[in-house]
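Good morning, and thank you for making time for this presentation.

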Amino acid sequence: MTHAVERREVALVDLLDRVLAGGVVIAGEITLTIADVDLVRISLRALIASVRAENQDDDDGH
């Protein structure tokens, strides 16, 4: 059996560029409980993506 994907090194900046180009969602939840009683619940959802200024010349009137 041959491996279709070869192991290769990817620079951190290249990996970050790929992640930001597609966007990434981070979700999590923390619950503070004392004596089986939920006291505090914190939910977090964040979207991280890059923003491109493709029409920057049009906005400047050029």
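This is a predicted model: local features need pLDDT of at least 70, side-chain atom pairs count only at pLDDT 80 or more; totals for chains, interfaces and linings use all residues.

Residues are numbered from 1 along each chain as its sequence is written, and side-chain values use heavy atoms, with hydrogens and water left out.

I begin with the overall layout. The protein chain holds two helices and two strands, and from the N terminus on these elements run α-β-β-α. Helices (H or I, at least four residues) and strands (E, at least two) are DSSP runs, numbered from the N terminus. Of the 62 residues in the protein chain, 0% are buried; buried means under 20% relative accessible area, exposed means over 50%, and partly exposed lies in between (1.4 Å probe, protein chains only). The chain exposes about 6,400 Å², with carbon and sulfur atoms supplying 53% of that area. Such areas come from the Shrake-Rupley method with a 1.4 Å probe, and for residues only the protein chains shown count as cover. As for contacts (heavy atoms within 4.5 Å), among those between residues at least 6 apart in sequence, 24% join residues at least 24 apart.

None of its 11 residues is buried, so α1 lies largely in the open. Leu 15 has its place in this helix and counts as partly exposed because its relative accessibility is 44%. Asp 17 is also found in α1, and at 53% relative accessibility it counts as exposed. The C-alpha atoms of Asp 17 and Ala 49 are 9.7 Å apart in space, while the two residues are 32 apart in sequence.

Now to the strands. β1 and β2 pair in the antiparallel sense over 11 bridges, where pairing requires that DSSP finds at least two bridges between two strands. Their hairpin has two residues between the strands, and Ala 35 takes a positive phi near 55 degrees there. Thr 31 has Arg 41 in β2 as its bridge partner.

Arg 41 also brings us to the charged side chains. A salt bridge is a side-chain nitrogen of Lys or Arg within 4 Å of a carboxyl oxygen of Asp or Glu. By this rule there are two salt bridges. Arg 41 forms one with Glu 29, their closest N and O atoms being 3.7 Å apart. Since Arg 41 lies in β2 and Glu 29 in β1, the pair ties together parts that are 12 residues apart in sequence. Arg 41 also meets Asp 38 in a salt bridge, at 3.6 Å from N to O.

Finally, the nonpolar surface. A patch of about 660 Å² is made by Val 10, Leu 12, Leu 15, Val 19, Val 24, Ile 26, Leu 44 and Ile 48. Patches are made of residues with over 30% relative accessible area and no salt bridge, with like charges joined within 9 Å and nonpolar side chains (Val, Leu, Ile, Met, Phe, Trp, Tyr) within 5 Å. At least two patch residues come from each of α1 (12-22), β1 (24-34) and β2 (37-48), and α1 gives the largest share, three residues.
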